[in-house]
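Thanks for coming. I have a few minutes on one model, so please look at it first.

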Amino acid sequence: MNKIKLTIDGKVVSGYPNQTILEVASDNGIDIPHLCYHPKLSKSGQCRLCIVRIGGKMLKASCTELAMDGMNVVTEDEGIIAARKLVLGLLLQEGNHNCLYCEANGDCELQRYCRMHDMEPPSREIPFHEREVDYVSSNALRRNENVCILCGRCVRACGELQVSSIWGFAERGHRTHLIADDDRRIGESNCVKCGTCVQLCPTGALSFQPVLGKGLNWELSKESSICIYCGVGCKIDFYTNPQGQLVKAMGNDEGPNKGQLCVKGRFGFDFAQSPKRLSKPLVRKDGILSEASWKEALDFVAAGLTKIKEEHGPDAIAGLSSAKCTNEENYLMQKFMRAVVGTNNVDHCARL
Amino acid sequence: MTNSIGEIPLSEGYLVIGSNTTENHPVIGSMIKGQVQNQGKKLIVADPRRIELAQFADYYFPINPGTNIAILNGFMHVIVKENLYNKEFVEARCEGFEEMAQSLEKYTPEYVANICGIHKAGDIVEAARLMASLKPMALYYSMGITQFVSGVNGVKSTANLQMLLGNMGVEGGGVNPLRGQNNVQGACDMGALPATYPAYQPVASEENREKYEKAWGVKELSTKPGLTVVEIMNAAHAGDVKALYCMGENPIMSDPNQEHVIEALKKLDLLVVQDIFLTETAQYADVVLPSCSFLEKAGTATNTERRVQPMHRVLKPWPGAKDDWWIIEEIANRMGAGWTYNKPADIFEEIRKVTPSYAGITYKRIEKEAIQWPCPTESHPGTKVLHRESFGRGKGLFTAIEYTPPYEETDREYPLVLTTGRILQHFHTGTMTRNSRILDETVPEGWVEIHPNDASNFNFTNGEVISVSTRRGSIRIRVRVAERSKPGVIFLPFHFYESCANRLTVDCLDPVCKIPEYKVCSCKVEKISA
Ligand code: SF4
Ligand code: SF4
Ligand code: SF4
Ligand code: FES
């Protein structure tokens, strides 16, 4: 494809003809503030935070305006900053943003842009309309419409990525609000709890139930692994708090899942910290499974297998490996059965 | 999968057969739905249940369980008869076409519609024409193709169709089996199979034997293929297998014909179970070894598109639990193995040496790159699409495949067809999902799905507890009246020990690959008198 050249903030950059200004800028490491835009979703041009100046004159939304060859774009000047502050000010005015009580504190795009633009608290002269809070209807998702900026990302996330089309907007003007299905609460809708909408919500308007009370966003550590529940192999960023508790699971954009997850990959991990977990080897003594030391249990197994091998031959022993274990463990299990026990009686549940 | 998940947007359409994708492989399900709903791609679905994807489909075929081969043959009959197949591809890349074409002759749309229980035979013709116009079309399937006594033939049929349409070796095409567990692919690649060493090298070959004896520094590896899961249980029952070492598996819940499995396990002299919970199977063990959950592990897993991905330690090991590899090594060394692996990376380095398709994959590379095997050298980028220039054996072989009915047919006593499967919120035997609050609360118990017609015949109301029996056993379970299943077919998820589906299933096997026929058996349903 032919490339185009344009100037952004005095720097000559190149892009493709079907790209928007914001896309070209971000490909070239230039960050233009934006809220309703998300690279995975269709463009709606709703929030106007991403305005830039084109050719020294017009202010345009860079997330919808196509980049053109020879264009001259400025992403920040006094006028642009004033316009952005106006946009942010209105959002603060319309909502009730108290970061102290918000799950997104420290991980909120609105908060970030407000700090970047040194925003003051809104005057409360214009009456503020209390909006709906739904903390209870779903065991997975909670919603606080008072911090919703109506960017519509959740609507598009559910419609375009998860393709369950649960969220929608109802009414107009300052009465605009989110509804699930045909005006139900989220817990009573057909929501499948994949959490895609929460992951893409720029504020704390949507959050996950289980994260409550588990700590501050900036204290969490992140490590990636692969979901255990199906062959898609979704890559997940797991967040843990300083106490070592699992706080949340977020889809990783580099994985085959491109950031998406299903309900199992999102919420299916309590088992790992369940008190029912085994923590001592058990050996059957007088018919009863009783606690034993690792040494005792391992000696028992090795002696038992050796004895059976000697008396009945290696084919009297079989091993079941596991499709939930790693490659390394599966490799070792089959090597153990073949090279140490001496039989090919090793299988796993591929067929089940 | 012959192709990659990332190619979903490159397909013009999809045939999904025997896969309830949005529940069992939900993220792939969403990607397909998105292409259909938002990009106008075409979708053809064949499944006994009116699954979610059926609502998005251009053509949906509610086929009788176990009739996949018939409908695939029906599509191919039309494609051959109307000359819609990809002649160039068939001539250049395949062989055996004539024979197969002949075998397709009798599979007229009417004949097939009759076998499959479809009302409109004309839809088969139209869907076949649509498929031929989609360049390329991707075919997705799952256990709904394989879990039959005719499972291997079902798989061959899917390949027949895709070769006929020239959809092999091209981006956005392919035959794409969706693997049900996160590392089934890897476990198979690693040789956790009775007949093959890593990378599917047959144990029966002398050459391979020598190769592995040398690599492992041992003598006298066995060239006799071993037993499969279900055969192991049968051998234990017969007293031929005396010891079973079971890592992370729960055969009492996952294997067919539960009674038989329990009897078999009881007969063992030594049952060792290595797991994170005291599972149903562990309760029969002589030794139980507590292992780490996947969140406490490091290593690699290989997904359904052959991508080898790194797993990292997210949580500290549960107090008292050990890594599975450590436990195996400890036992091996007590039996004189002399192994010296200190960490998963040591094992992976050995895997690379003995597994040609993994030779070019390193821990370092997969942190940054998405690599799909085969990847023979460190400079090889991996393989997104298989069979680009040729098939493993050279030319793609068409196989004439006849439809054969499932093992158990319905009769007066057992008039309904029982089919089993998974649901979105739970996994396999429930060990993990039922111990995760949100999932367990969302679906706390099992149910049996029955069509309203059947429900009214038997006078069942929604939510009533009834009994479901087969020749092997009987369970009590709540009824869910829904139009998803066909009349005459009932569906049972198998995650719940209280209403264990595998108490009912039949343990007959596909003669080649020994997969049990989970997807069909005949059953009866009865009211429980108060
Ligand atoms: S809930 Fe979040 S994503 Fe949805 S409109 Fe409000 S702020 Fe945007
Ligand atoms: S959790 Fe998933 S299904 Fe539910 S509303 Fe959000 S995106 Fe839609
Ligand atoms: S998150 Fe869902 S779709 Fe992804 S691997 Fe896990 S179970 Fe499969
Ligand atoms: S980000 Fe461009 S209008 Fe919202």
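First, the ground rules. This is a predicted model, in which local features need pLDDT of at least 70, side-chain atom pairs count only at pLDDT 80 or more, and totals for chains, interfaces and linings use all residues. Residues are numbered from 1 along each chain as its sequence is written, chains are lettered from A and ligands numbered from 1 in the order in which they are written, and side-chain values use heavy atoms, with hydrogens and water left out.

Chain A is split into domain 1 (4–76), domain 2 (102–108 + 117–273), domain 3 (281–311) and domain 4 (313–352); such bounds come from an automatic or database domain assignment. Take domains 3 and 4 of chain A: their centres, over C-alpha atoms, are 19 Å apart. Five residues of domain 3 and seven residues of domain 4 make the contact, where contact means heavy atoms within 4.5 Å. The two domains bury about 430 Å² between them, with 67% from carbon and sulfur atoms. Buried area here is the accessible area (1.4 Å probe) that two parts lose on being put together, summed over both.

Next, ligand 3, which lies between chains A and B. The residues around it, meaning those with a heavy atom within 4 Å, include Cys227(A), Cys230(A), Cys234(A) and Cys262(A) from chain A, and Pro26(B) and Val27(B) from chain B. Two elements give two or more residues each: α6 (263–267) of chain A and α2 (26–39) of chain B. Helices here are DSSP runs of H or I, at least four residues, and strands are runs of E, at least two, numbered from the N terminus. By type, the shell has eight nonpolar, two polar and one charged residue. Nonpolar covers Ala, Val, Leu, Ile, Met, Phe, Trp, Tyr, Cys and Pro; charged covers Asp, Glu, Lys and Arg; the others, Gly among them, are polar.

Now the single residues. Leu178(A) sits in strand β9 (residues 177–180) of chain A. Is Leu178(A) buried or exposed? Buried, at a relative accessible area of 4%; the cut-offs are under 20% for buried, over 50% for exposed, and partly exposed in between (1.4 Å probe, protein chains only). Beyond four places in sequence, its contacts include Arg143(A), Cys148(A), Trp167(A) and Phe169(A).

Finally, Asn250(B) is in the loop between β9 (243–247) and α14 (251–254) of chain B, and counts as buried at 5% relative accessibility.
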